[in-house]
Amino acid sequence: MANLGNIYRKNGTVHGDSEKKANLSNIYRKYGTVIALFVLVLIISIMNSKFLSMYNVLNVFRQVSINGLIAFGMTFVILTGGIDLSVGAILALTGMVLGLMVASGTPDLIAIPIVLLLGALLGWFNGVLISKVKLQAFIVTLATMTMFSGITMIISDGIPAMGITENSPILNFFSQGDILGIPFPMIVLLVVFALLLILLQKTVFGRGVYAIGGNEEVARLSSLPTDRIKTSVYIISGVMSALAGVILTSRLSSSQPTAGAGFELDAIAAVVIGGTSLAGGKGRLFGTLIGVLIIGVLNNGLNIIGVSAFYQQFIKGLVILLAVILDRKSSR
């Protein structure tokens with residue numbers, strides 16, 4: 001009986017330890033990125049008290065608005081198991097078209113919807129090649145990234161369009177305006193986040209996105225319109241990139257032919273840091289928002305404490321690598 005009692009106590013201890021580990025694992029999966037963001041903010045604010053000033057906090061949100069919009073669209077794409085390397089090129093092309101239209105006298109209220117429609121058209125082009133023609137997303141978007149960048153150079157002759165916002169009050173408001181002290185780019189970011197969150201979490205379309213990422217063949221056999229959903233996520237990505245292009249053009253008051261270089265990498269990094277699996281089917285839009293803020297806080301904080309730009313690149317790459325390793329460990 002004594003032996004049985006010892007065995008019971010040992011088993012109970014092992015079971016209790018397993019429960020604790022499982023609970024800690026669940027907490028990490030749900031709140032790991034939020035905890036990481038909090039720790040990062042705490043460390044940087046200790047090193048420089050100006051970091052948590054209201055001016056700088058609002059400035060961080062203004063800075064992350066562009067990457068945030070692109071990353072939201074990228075989240076939909078990656079959840080289906082795809083990738084979109086053309087987002088930076090779409091941003092540059094739509095921004096250049098916007099700049100040339102406004103410079104030629106086209107009213108803001110006409111130019112902005114046109115470039116958003118252009119972003120949707122470019123995203124649709126990617127989506128059709130991937131869903132209908134059945135080409136690999138990586139190859140398609142790599143090719144269209146080069147094509148769209150080439151078109152930008154052709155229509156601009158490689159020359160920036162300057163002074164875009166001088167006679168464009170609405171476009172100027174996109175970067176300089178505020179509502180009740182809140183920068184307008186931040187409002188755009190949060191409103192778009194709320195709308196896309198509802199689309200992803202509360203609609204049949206959103207459930208289809210997760211289903212395709214989990215197992216596309218099973219989703220197809222379940223009568224889901226897989227081709228239509230896959231095309232739609234690239235359209236969403238294109239529109240988000242175009243909207244980011246509008247904000248960037250407004251902020252710079254110019255359209256730069258190379259404006260979108262590297263934006264696809266930052267967007268993918270934010271999605272991965274936010275916990276979305278590159279294999280598809282697993283992830284949350286809220287996690288992407290936190291990932292965007294982590295990258296934004298990291299960039300802003302390292303600038304404030306005076307870290308060299310060369311070291312910043314290394315640190316950002318290290319953070320992305322750690323996020324991928326932790327994601328792989330969590331999946332196992």
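This is a predicted model: local features need pLDDT of at least 70, side-chain atom pairs count only at pLDDT 80 or more; totals for chains, interfaces and linings use all residues.

Reply:

**A helix, then the spaces**

Helix H7 covers residues 184–201, and at 1.5 Å a residue its 18 residues should span 26 Å; the end C-alpha atoms are 26 Å apart, so the two agree. Quite a few H7 residues are buried: Phe184, Pro185, Met186, Ile187, Val188 and Leu189, then Val192, Phe193, Leu196 and Leu200. An α-helix has 3.6 residues a turn, so residues three or four places apart point the same way.

Searching the whole structure turns up 1 cavity of 30 Å³ or more. The volume of the largest cavity is about 50 Å³. Its lining is made up of Leu91, Ala92, Gly95, Met96, Gly245, Leu248, Thr249, Leu252, Ser254, Ser255, Gln256 and Ala259. Helix H3 (87–103), helix H10 (226–252) and strand E4 (254–255) are the elements that each give two or more residues to that lining. By class, the lining of the largest cavity splits into 6 nonpolar and 6 polar residues, with no charged ones.

H10 turns up again at the second largest pocket, where H10, helix H2 (54–79), helix H11 (263–273), helix H12 (285–304) and helix H13 (309–331) each supply at least two lining residues. H12 gives the most, with 6 residues. This pocket holds about 380 Å³ of space. Of the 17 residues lining the second largest pocket, Gln63, Asp266, Ile295, Asn299 and Lys316 lie nearest its centre. Here the lining has 6 nonpolar, 8 polar and 3 charged residues.

Notes. Residues are numbered from 1 along each chain as its sequence is written. Side-chain values use heavy atoms; hydrogens and water are left out. Helices (H or I, at least four residues) and strands (E, at least two) are DSSP runs, numbered from the N terminus. The expected span of a helix is 1.5 Å times one less than its number of residues. Buried means under 20% relative accessible area, exposed over 50%, partly exposed in between (1.4 Å probe, protein chains only). On a 1 Å grid over the protein atoms alone, a cavity is a set of points where a 1.4 Å probe fits but cannot get out, and a pocket is an open set with protein on both sides within 12 Å along at least five of seven lines; lining residues have an atom within 4 Å of a point. Grid points are joined across faces, edges and corners, and a volume is the space filled by probe spheres set on the points. Ala, Val, Leu, Ile, Met, Phe, Trp, Tyr, Cys and Pro count as nonpolar, Asp, Glu, Lys and Arg as charged, and the others, Gly among them, as polar.
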